[in-house]
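I opened my notebook to record what I looked up, entry by entry, beginning with the terms I needed.

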Amino acid sequence: MAEVTLYHWEPNANSGKPMLALMEKGVPFDSHYIDMLNFDQHRPEYLAINPQGTIPAMTHGDKVLVESTAIMEYVNECFEGPDLMPADARDRWRVRWWMKFMDQWLAPSFSMIGWSVFIGPVVRQRDPAELEAAIERIPMPERRVSWRKAIYGTFSEAEIAESQRRVAMGIAMLEKELGKREWLGSDSYSLADINGFNLAYAIPLSQPELSNDELTPNLLRWLRAIYARKAVKDCWALGRTDMVKRVTILEQERI
Ligand SMILES: N[C@@H](CCC(=O)N[C@@H](CS)C(=O)NCC(=O)O)C(=O)O
């Protein structure tokens with residue numbers, strides 16, 4: 001049994017962040033798959049670890065850690081292996097700036113689109129009474145509202161349009177920033193790249209009119225460079241659903 005256990009869903013978004021940080025550092029961990037579409041994150045066994053009922057969570061010995069970006073920083077500081085934060089203070093500021101921007105601003109927009117396009121339609125097929133019972137078990141009231149909107153397809157047009165506006169703006173900002181240097185936060189690969197990849201890997205697939213080799217060459221170069229890393233391949237091999245196939249768009253020479 002490893003010292004670290006990671007409770008995660010597919011190796012993307014918030015789950016993928018600590019998973020990839022652990023793999024980049026070479027830290028062994030026990031992987032505990034939480035099936036988000038089966039509402040495993042709201043079952044008592046998991047709520048005993050993270051009472052908020054969100055994934056990921058990590059245990060290290062008797063310590064319980066939640067919040068994916070904060071877990072990544074903990075992993076980077078606590079374990080040997082390549083440093084995933086730059087040495088220079090201004091570079092570290094930039095890494096943290098981008099992580100905050102992605103976590104607070106961009107990720108919720110991606111997430112709303114993802115919930116309305118993928119998650120909702122998959123979950124909606126289930127027995128309505130079972131779904132209602134599952135919604136009632138969600139501990140955070142605001143999450144109950146989001147799940148209801150996803151399941152019953154009731155995100156408003158204005159909400160979706162605002163998310164799309166933010167995604168388009170985020171793509172343009174990433175393209176501009178990646179035109180300045182090889183990696184997002186500094187001249188070395190860092191937590192900002194891990195954070196950004198987990199959010200942006202499927203952009204060329206889901207937003208082909210906004211992101212392709214002609215319009216966003218820097219974004220594409222960056223995504224492919226991260227996808228080429230061994231840790232990324234090992235991480236994505238832990239996926240269990242067809243969702244993991246989306247990342248293979250980055251194998252195409254031209255998009
Ligand atoms: N700020 C938290 C957000 C965690 C989060 O929202 N995770 C999503 C999956 S990416 C989740 O648990 N969704 C399931 C739910 O809300 O029931 C973090 O970064 O860890």
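I first noted that a residue is buried if 20 or more other C-beta atoms, placed from the backbone, lie within 10 Å of its own, exposed if 12 or fewer do, and partly exposed in between. This is a predicted model, in which local features need pLDDT of at least 70 and side-chain atom pairs count only at pLDDT 80 or more, while totals for chains, interfaces and linings use all residues. Residues are numbered from 1 along each chain as its sequence is written.

Entry on I255. I found I255 in the segment after α11 (230-236), where helices are DSSP runs of H or I with at least four residues, numbered from the N terminus. I255 counts as partly exposed because it has 18 C-beta neighbours inside 10 Å. Leaving out residues up to four places away in sequence, I listed its contacts (C-beta atoms within 7 Å) as P204, N212, D213, L220 and I249.

Entry on α8. I asked how many residues of helix α8 (residues 191-200) are buried. The count is 10 of the 10, so the helix is largely enclosed by the rest of the structure. What covers these buried residues includes α1, α3, α4 (89-123), α7 (157-178), α9 (203-206) and α10 (217-227).

Notes:
Helix = DSSP H or I, 4+ residues; strand = E, 2+ residues; numbered from the N terminus. Contact = placed C-beta atoms within 7 Å.
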